[in-house]
Protein chains: 2
Amino acid sequence: MAARTPRPVRPPEDLCRAPGLRERKKQQTRDALVQAAHGLFLSQGFARTTVDEIASAVDVSQRTFFRYFANKDEVALAVLADAEDYFIECLRNRPAEELPLQALRASIVKSWRDLGNAQPSGPGSINSALELLRMIEDSPPLIAAHLRRVTEQERLVVQVLAEREGVDPVQDLRPTVLAAVFGSLLRSAHLSWTAEQEPAGPEGMVALIERHFDHLGPALAGHWHDPAQDGAQDQA
Amino acid sequence: MAARTPRPVRPPEDLCRAPGLRERKKQQTRDALVQAAHGLFLSQGFARTTVDEIASAVDVSQRTFFRYFANKDEVALAVLADAEDYFIECLRNRPAEELPLQALRASIVKSWRDLGNAQPSGPGSINSALELLRMIEDSPPLIAAHLRRVTEQERLVVQVLAEREGVDPVQDLRPTVLAAVFGSLLRSAHLSWTAEQEPAGPEGMVALIERHFDHLGPALAGHWHDPAQDGAQDQA
DNA sequence: CAGATTATGTCAGCCCCTGACATTCGGCAA
DNA sequence: TTGCCGAATGTCAGGGGCTGACATAATCTG
């Protein structure tokens, strides 16, 4: 571990299909740290959990913790990071005929669904990620760190969109603008989700995302006074 | 100063038009802190400037610094916060007939222009804010803090939009969605601006913002392959 | 098995930030 | 003016995040 471990992005299975003991142990402690941190955060809150606690819960020195994660934020966001990677993969696999906006929408829905079906509960599952999401919104520093991660993810989305449609993202602003809109739409949906009383699970999140997408057009067009305008009314 | 000073939002001139010595001194040290911090940040960078340096540059204890600002980030973002307040004011003053999206666009353009004309240079001027913006994008923790501020500002925008159009922001997602889209559009423009070599001043920023707005429709609609589609091509 | 890599532990230390308490300063009325 | 009250500041102690440096122990390679 010369520099910081940059999060194991599913090591390519080429070259050596036996990862070796060293590599396995690293992955192991990393997972253990995420697990322990996750548990502590959820039980006592993010701010009231110290890095020392996390480290000693895994029988590891504090210094070692910081060799795996750049800071306390990172270990909290680690679970979400995996989900985001999967979303990008989904986006890459969308058929080229699909309109860009639709490809984004389909990818995000599919990734939530797939992750939800993969392992509905237990550690590292979707529900863990959802609990995390709620916790993040309760902690200002985590909100900040999360937003930063999200915007970096958006850069990736810009790349993928540009490749997909064969345009140059430097000259053509459309990929950038669309990625930005998409990102903010997702965040709105997340906020709505965390604002709900009942957790509602992955399907609830999907429903919220869809609703937000459906309101994109109406929000951009015309005035809103007229209640019978766009079917945007879903009063209780 | 019982709790933290919550940033003097232009004290209402009612009740006593002479703010009193105490109040004046407070404002004074606050400004001095922002000034000193600003200078130090720009000359040595954000991370390499300690709070002690800032405090002693104003002949004030470190503890006092933290009674004015919740953290080091806040003093760096203080200048921008003023600009954002002015934007909100502009938005409130837009005529009700204007379409929501247009009101947002007009407000942001007007606020940049007005602030640019107010005091083109010197401390606390627009150019200071622009320098700050560039610095922020160079510093990951500042990016995070800035994004958090921006999203809180968005909540305000949601409120104003909802009032304007007479809708309930809880039931009707349109204000939320539009505010989110607007926020991400602005951030894209800021990023483009900081990516440029030549600073280009407030007018350059306005131009970029307008360009981003103009690409909103084309980005959301249809495919992009066809180069003659929406006039979205401005190749060099 | 020996040497090269690499992960980990230990330690010292800087810096951010906070609570508690004492002190000083501005505002205000007798 | 004087004296009091509340508010702003200073000082001190301390916790917690994070890093560099160095030694040690574990893995890998031949």
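A salt bridge is a side-chain nitrogen of Lys or Arg within 4 Å of a carboxyl oxygen of Asp or Glu. Between chain A and chain B the count of such bridges is zero. Over all chains, the structure holds 22.

This is a predicted model: local features need pLDDT of at least 70, side-chain atom pairs count only at pLDDT 80 or more, and totals for chains, interfaces and linings use all residues. Residues are numbered from 1 along each chain as its sequence is written, chains are lettered from A and ligands numbered from 1 in written order, and side-chain values use heavy atoms, without hydrogens and water.

**Chain A with chain B**

Chain A superposes on chain B by a rotation of 180° with 0.0 Å of shift along the axis, at RMSD 0.1 Å (least squares on C-alpha atoms of residues with pLDDT of at least 70 in both copies). That is the relation of a two-fold axis. Contact means heavy atoms within 4.5 Å. Each side is counted: 49 residues from chain A and 49 residues from chain B. Of the interface residues of chain A, 100% are also interface residues in chain B, so the copies meet through the same surface. The two chains bury about 4400 Å² between them, 67% of it on carbon and sulfur atoms (accessible area, 1.4 Å probe, lost on being put together and summed over both parts).

**Helix packing**

Helices are DSSP runs (H or I, at least four residues), numbered from the N terminus. Axes are lines fitted to C-alpha atoms over the stretch in contact, with angles from 0 to 180 degrees between N-to-C directions.

| Helix pair | Angle | Axis distance |
|---|---|---|
| Helix 1 (residues 20-44) and helix 4 (residues 72-92) of chain B | roughly 95° | within 9 Å |
| Helix 6 (residues 126-138) and helix 7 of chain A | about 115° | 5 Å |

Helix 1 of chain B is roughly perpendicular to helix 4 of chain B (65 to 115 degrees). Helix 1 of chain B contributes B:Arg30, B:Leu33, B:Val34, B:Ala37 and B:Phe41, and helix 4 of chain B contributes B:Lys72, B:Val75, B:Ala76, B:Ala78 and B:Val79.

Helix 6 of chain A is likewise roughly perpendicular to helix 7 of chain A. Here A:Leu133, A:Met135, A:Ile136, A:Glu137 and A:Asp138 meet A:Pro140, A:Leu142, A:Ile143 and A:His146.

**A bridge within chain A**

A:Arg149 and A:Glu84 form a salt bridge through their side chains, 2.7 Å from N to O. This pair links distant parts of the chain, 65 residues apart: A:Arg149 lies in helix 7 (residues 140-165) of chain A and A:Glu84 in helix 4 (residues 72-92) of chain A.

Technical notes
Helices (H or I, at least four residues) and strands (E, at least two) are DSSP runs, numbered from the N terminus. Angles under 35 degrees count as roughly parallel, over 145 as roughly antiparallel, 65 to 115 as roughly perpendicular and the rest as oblique.
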